[in-house]
Amino acid sequence: MTWRWEYGPSEAYVIGEAPPAFVAEVEKKADELVRAAAAFYLDGTQYEGCSSR
């Protein structure tokens, strides 16, 4: 699964002057979100819709 910005901001612009420890924690959380999204991704060929029960 890949994702990209419509524009390419530099790392320095995005991070600014944030402390390295903060940046590392944000990166860890972003990695967790990517793994969760991949785990819950529904393959369109196997999707059977929502249960009506």
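Reader: In which helix is Tyr 13 found?
Author: Tyr 13 sits in helix 1, which covers residues 11-15. A helix here is a DSSP run of H or I with at least four residues, a strand is a run of E with at least two, and both are numbered from the N terminus. The chain has two helices and zero strands.

Reader: What kind of model is this?
Author: This is a predicted model, where local features need pLDDT of at least 70, side-chain atom pairs count only at pLDDT 80 or more, and totals for chains, interfaces and linings use all residues. Residues are numbered from 1 along each chain as its sequence is written, and side-chain values use heavy atoms, with hydrogens and water left out.

Reader: Why is Tyr 13 called exposed?
Author: Its relative accessible area is 64%. Exposed means over 50%, buried means under 20%, and partly exposed lies in between (1.4 Å probe, protein chains only). Tyr 13 therefore counts as exposed.

Reader: What makes the nonpolar surface patch?
Author: Tyr 7, Tyr 13 and Val 14 make it, with about 390 Å². Patch residues have over 30% relative accessible area and no salt bridge; nonpolar side chains (Val, Leu, Ile, Met, Phe, Trp, Tyr) are joined within 5 Å, like charges within 9 Å. The areas come from the Shrake-Rupley method with a 1.4 Å probe; for residues, only the protein chains shown count as cover.

Reader: How do you know that Glu 25 and Lys 28 form a salt bridge?
Author: Their side chains meet at 3.4 Å, N to O. The rule asks for a side-chain nitrogen of Lys or Arg within 4 Å of a carboxyl oxygen of Asp or Glu. The pair therefore qualifies. Both residues lie in helix 2 (residues 20-40), three residues apart, about one turn of the helix.

Reader: What makes Lys 29 and Glu 32 a salt bridge?
Author: Their closest N and O atoms are 3.9 Å apart. That distance is within the limit, so the pair counts. The two residues are three apart in helix 2, about one helical turn. The structure holds two salt bridges.

Reader: How do you know that Thr 2 is exposed?
Author: Thr 2 has a relative accessible area of 81%, so it passes the exposed limit. Its place is in the segment before helix 1. Its C-alpha atom is separated by 9.2 Å from that of Val 34, 32 residues apart along the chain.
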